Amino acid sequence: MSVNFKFKIGDLVILKASIREIILIDGPGIIIDTTSIQTADLLDDTVDPILHAYIIFFPFCNTEYTIPFDCVELFSPVK
């Protein structure tokens, strides 16, 4: 299976607004790697059980998080 990387390692990203309501991480982070998450709790065989994700370091909270590809967008300080 081919993985479509939207961003590259080193890109500055931020969580999408809808995700920030659930995951309370404020501020940008830097992509430091990519990974995949093997889900075991999906009951529907039509859904791919592998979630592709970025490992992102958030300096604001000095923590790395694994965030699925679809949950981040490119950080732009001017909106």
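Me: Which residues form one aromatic cluster?
Reply: This is a predicted model. A search of the whole structure gives 3 aromatic pairs. One aromatic cluster is made up of Phe7, Tyr54 and Phe69.

Me: How is the pair of phenylalanine 7 and tyrosine 54 classed?
Reply: A pair of aromatic rings is described by the distance of the centres and the angle of the planes. For phenylalanine 7 and tyrosine 54 the centres are 6.1 Å apart, and the planes make an angle of 50 degrees. Planes under 30 degrees apart would count as stacked and over 60 as edge-to-face. With 50 degrees between the planes, the pair of phenylalanine 7 and tyrosine 54 is tilted.

Me: How many residues apart in sequence are the parts that this pair ties together?
Reply: Phenylalanine 7 lies in the segment before strand S1 (12–15), while tyrosine 54 belongs to strand S3. Both of these residues, phenylalanine 7 and tyrosine 54, are buried. The pair therefore ties together parts whose separation in sequence is 47 residues.

Me: What pattern does the protein follow along the sequence?
Reply: The secondary structure comprises 1 helix and 5 strands. Read along the sequence, these elements give the pattern β-α-β-β-β-β.

Me: Is isoleucine 31 buried or exposed?
Reply: Isoleucine 31 sits in strand S2 (residues 29–38). Not counting residues up to four places away in sequence, isoleucine 31 touches Phe7 and Tyr54, among others. A residue counts as buried under 20% relative accessible area. The value for isoleucine 31 is 1%, so isoleucine 31 is buried.

Me: What distance separates the C-alpha atoms of isoleucine 31 and lysine 8?
Reply: Lys8 is one of the residues that isoleucine 31 touches. Isoleucine 31 and lysine 8 are 23 residues apart along the chain, and their C-alpha atoms are separated by 7.1 Å.

Me: Which residues does valine 72 touch, not counting residues up to four places away in sequence?
Reply: Valine 72 is part of strand S5 (residues 72–74). Its relative accessibility is 1%, so valine 72 counts as buried. Leaving out residues up to four places away in sequence, valine 72 touches Phe7, Val13, Ile14, Leu15, Lys16, Tyr54, Ile56 and Ile67.

Me: Among contacts between residues at least 6 apart in sequence, what share joins residues at least 24 apart?
Reply: The pair of phenylalanine 7 and tyrosine 54 ties together parts 47 residues apart in sequence, so this pair passes the limit of at least 24. Among contacts between residues at least 6 apart in sequence, the share joining residues at least 24 apart is 47%.

Me: What is the phi of asparagine 62?
Reply: Asparagine 62 is in the loop between strand S3 (50–58) and strand S4 (63–68). Asparagine 62 is exposed, because its relative accessible area is 59%. Most residues other than glycine have a negative phi. Asparagine 62 has a positive phi, near 55 degrees.

Me: How many charged residues are in the lining of the largest pocket?
Reply: The largest pocket has a volume of about 150 Å³. Its lining consists of Asn4, Lys6, Lys16, Leu51, His52, Pro68, Phe69 and Asp70. By class, the lining has 3 nonpolar and 2 polar residues, and the number of charged residues is 3.

Me: What percentage of the residues in the protein is buried?
Reply: The protein exposes about 5600 Å², with 58% of this area supplied by carbon and sulfur atoms. Of the 79 residues in the protein, the buried part is 24%.

Key:
Residues are numbered from 1 along each chain as its sequence is written. This is a predicted model: local features need pLDDT of at least 70, side-chain atom pairs count only at pLDDT 80 or more; totals for chains, interfaces and linings use all residues. Side-chain values use heavy atoms; hydrogens and water are left out. Helices (H or I, at least four residues) and strands (E, at least two) are DSSP runs, numbered from the N terminus. Buried means under 20% relative accessible area, exposed over 50%, partly exposed in between (1.4 Å probe, protein chains only). Contact means heavy atoms within 4.5 Å. Accessible areas come from the Shrake-Rupley method with a 1.4 Å probe; for residues, only the protein chains shown count as cover. On a 1 Å grid over the protein atoms alone, a cavity is a set of points where a 1.4 Å probe fits but cannot get out, and a pocket is an open set with protein on both sides within 12 Å along at least five of seven lines; lining residues have an atom within 4 Å of a point. Grid points are joined across faces, edges and corners, and a volume is the space filled by probe spheres set on the points. Ala, Val, Leu, Ile, Met, Phe, Trp, Tyr, Cys and Pro count as nonpolar, Asp, Glu, Lys and Arg as charged, and the others, Gly among them, as polar. Rings of Phe, Tyr and Trp (its six-membered ring) pair if their centres lie within 6.5 Å; planes under 30 degrees apart count as stacked, over 60 as edge-to-face and the rest as tilted.
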